[in-house]
Amino acid sequence: MKIRAHLFFLVFAALLPILLFSVALTALFWHEQYSTGVSQGAIEQSLWDVALVVAAGGTAALFLSITLAWVLGKRITRAVSGLAGVARGLATAQPAPPVPTANVAEINETADAFGETRKQLQACERQLRESEEKFRTLTTHAPVGIFLSDLKGDYYFVNRNWCAVSRMTVEQARGTGWQRALHPEDRDRVIAEWRAALQQGLPFSSEFRFLQPNGTVTWLQGSAAELRNSHDTVVGYIGTISNITGLKRAEEAMRLSEEKLRRQAQELEQQLIASGRLVSLGEVTASMAHEFNNPLGIVMGFAQDMLSETDPSSQHYQSLKIIDEETRRCQKIIQELLEFARPKNTDLGRTDIKQIIEKTLTLVSNHLYKQKIEATSVVDSNLPHIYADVQQLEQVLVNLYLNAIDAMPIGGGLKVEAKRQSADTSGAMIVISITDTGFGIDDKDLPKIFLPFFSARKRKGLGLGLPICERIIKNHGGRIEVESRSGKGSTFRIFLPLDHRPERLPETDTRPE
Ligand SMILES: Nc1ncnc2c1ncn2[C@@H]1O[C@H](COP(=O)(O)OP(=O)(O)OP(=O)(O)O)[C@@H](O)[C@H]1O
Ligand SMILES: [Mg+2]
């Protein structure tokens with residue numbers, strides 16, 4: 001039943017008895033007066049009686065109405081308070097009690113509508129909670145840093161990865177706090193880029209560094225885009241930061257190796273140019289060799305004649321012998337120069353290093369004496385023989401002695417050592433060291449001294465001595481190294497492998513004889 005019908009029934013129930021008694025009283029009064037001719041006093045008396053009855057009936061009717069109204073009101077109140085419960089449930093999202101108002105249709109309908117709304121709200125709320133949970137899980141486990149900012153660009157959320165990369169807490173990152181994580185060298189630039197992106201409503205994208213309190217620097221790729229609500233209104237920004245430190249390191253390593261390769265290519269180019277110059281020099285020398293060889297041949301001829309006619313005990317015999325040997329060496333050097341551009345095979349034979357050292361020191365003894373240089377040699381007593389080209393080895397040692405002598409213009413010491421080095425990764429070796437106490441080699445020159453035409457002796461040297469030495473030693477399967485300290489002296493070390501032998505020869509004993 002509707003509320004309006006309830007109220008109408010209530011008023012009707014209260015007024016109906018009074019109306020009935022009033023009609024009955026009026027009818028009685030007229031009937032008594034006109035039909036019976038009863039006196040007015042008797043009629044009034046009767047009327048009073050009737051009025052009393054009417055009053056009693058009215059009072060009873062009124063009491064009945066009030067009782068009915070109370071009962072009805074109670075039911076309405078219960079319905080309304082049930083409704084209020086539903087409304088409260090809606091407001092607080094708590095479950096509401098059922099509304100016990102089977103007869104109050106509007107309230108029931110309203111309560112039902114409320115209940116339906118509440119169910120829908122609860123479903124929405126559940127969906128919201130689920131999507132919040134998904135967002136939380138996603139942001140917590142995402143391998144990138146995530147941040148949310150308002151329209152001003154102030155942060156109100158950062159995820160776990162963001163905190164790990166910056167070593168800041170969520171609280172510290174809030175507002176403009178995140179800016180403190182930026183590397184001081186990148187800070188102004190990134191803030192300016194961030195502001196520009198916000199003002200122009202453009203996506204933000206930049207590479208920058210975070211500097212952690214412990215000094216760790218992390219390279220990051222940051223990007224952000226507008227965040228819109230369901231009405232497509234921009235309400236803030238969502239962004240990510242990805243760690244690109246590894247990428248940056250790889251880039252840097254690549255750049256360095258590129259630089260190194262370029263340097264090496266330049267060096268190679270220089271060497272090629274130098275060897276080109278060497279080839280040209282070889283051509284020039286080839287044409288000159290004939291002219292040199294003739295007078296040299298004459299000198300050699302005379303020296304040999306005189307040598308054969310001189311008694312070995314004569315004081316000139318030794319000098320003539322040296323002239324003979326040196327002219328031969330000159331002849332050979334001319335040939336070496338010619339052959340430098342056209343590699344020559346080494347003529348390997350069993351060689352006694354001790355003998356070569358003694359002989360070559362004798363060859364330069366005059367220079368040593370003139371420059372007040374004291375020469376010493378220390379050779380292992382059981383040094384094995386090796387297969388080598390004796391003349392080429394002599395050429396190497398003489399070149400090195402002459403360089404050492406040049407480095408000691410006011411005297412000094414020259415020490416030649418030879419010993420066997422136990423087998424390492426490159427096998428057993430003989431090491432010949434030539435140490436001087438000269439002025440040494442500048443650090444900047446050290447990498448260049450084996451390049452053709454590098455010479456610090458501007459006018460005196462051609463800068464071919466060491467390249468020739470290196471080439472000869474390489475042809476013997478060995479290597480040559482240098483150690484030098486400017487102002488203190490230098491040591492050149494020649495490493496010759498014990499197992500280097502001509503292919504046609506079987507492996508033979510290389511122990512000393
Ligand atoms: N023992 C040393 N002490 C100091 N500097 C040295 C020594 N040996 C070599 N050098 C430096 O290395 C440079 C190159 O030596 P290299 O023997 O190739 O040429 P050179 O002696 O200048 O000329 P060349 O040997 O062709 O006459 C020298 O000019 C010198 O500066
Ligand atoms: Mg030299």
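Where is the place of Arg167? Arg167 sits in the loop between helix 4 (160-166) and helix 5 (170-173). I start there since the backbone at that point deserves a look. Before that, one caveat: this is a predicted model.

Arg167 is not a glycine, yet its phi is positive, about 60°. As background, most residues other than glycine have a negative phi. As for its surroundings, Arg167 has 15 C-beta neighbours inside 10 Å, so it counts as partly exposed.

Lys372 belongs to the loop between helix 10 (365-370) and strand 7 (373-379). Is Lys372 buried or exposed? Lys372 is exposed, because the number of other C-beta atoms within 10 Å is 11, and 12 or fewer is the cut-off for that class.

Now the overall picture. The protein chain has 513 residues, and 19% of them count as buried. Its secondary structure amounts to 12 helices and 12 strands. Taking contacts between residues at least 6 apart in sequence, 60% join residues at least 24 apart.

On to the helices, starting with helix 9, residues 353-363. Buried residues there are Ile353, Ile356, Ile357 and Thr360. They span an arc of only 100° around the axis, so they lie on the same side of helix 9.

Helix 12 (residues 465-475) is another case. Why is helix 12 described as largely enclosed by the rest of the structure? Because eight of its 11 residues are buried. Those buried residues are Gly465, Leu466, Pro467, Ile468, Cys469, Arg471, Ile472 and Ile473. Just after helix 12 comes Gly477, with a positive phi of about 80°.

Helix 12 also packs against helix 11, residues 390-406. The two axes come within 9 Å and cross at roughly 145°. The crossing of helix 11 past helix 12 is left-handed. On the helix 11 side, the contact involves Gln392, Gln395, Val396, Asn399, Leu400 and Asn403; on the helix 12 side, Gly465, Ile468, Cys469, Ile472 and Ile473. Sorted by class, the contact of helix 11 with helix 12 has six nonpolar residues, five polar and no charged ones. Among the residues of helix 12 in this contact is Ile468, and Ile468 is also one of the buried residues of that helix.

Asp445 has 13 C-beta neighbours inside 10 Å, so it counts as partly exposed. Between Asp445 and Ala456 there are 8.9 Å in space, C-alpha to C-alpha, and the two are 11 residues apart in sequence.

Strand 11 and strand 12 form a hairpin with three residues between them, and Gly487 in the turn has a positive phi of about 85°.

Ser486 is in that connection, in the loop between strand 11 (479-485) and strand 12 (489-497). Which residues does Ser486 touch, not counting residues up to four places away in sequence? The answer is Gly440, Ile441 and Asp442. Ser486 and Ile441 are 45 residues apart in sequence, and their C-alpha atoms are 5.1 Å apart in space. Ser486 has 14 C-beta neighbours inside 10 Å, which means that Ser486 counts as partly exposed.

That is what I have.

Key: Residues are numbered from 1 along each chain as its sequence is written. Chains are lettered from A and ligands numbered from 1 in the order in which they are written. This is a predicted model: local features need pLDDT of at least 70, side-chain atom pairs count only at pLDDT 80 or more; totals for chains, interfaces and linings use all residues. Helices (H or I, at least four residues) and strands (E, at least two) are DSSP runs, numbered from the N terminus. A residue is buried if 20 or more other C-beta atoms lie within 10 Å of its own, exposed if 12 or fewer, and partly exposed in between; C-beta atoms are placed from the backbone. Two residues are in contact if their C-beta atoms, placed from the backbone, lie within 7 Å. The arc is that of the directions from the helix axis to the C-beta atoms. Axes are lines fitted to C-alpha atoms, for helices over the stretch in contact, and angles run from 0 to 180 degrees between N-to-C directions. A crossing is left-handed if the near helix is turned anticlockwise from the far one by less than a right angle, and right-handed if clockwise. Ala, Val, Leu, Ile, Met, Phe, Trp, Tyr, Cys and Pro count as nonpolar, Asp, Glu, Lys and Arg as charged, and the others, Gly among them, as polar. Two strands pair if DSSP finds at least two bridges between them.
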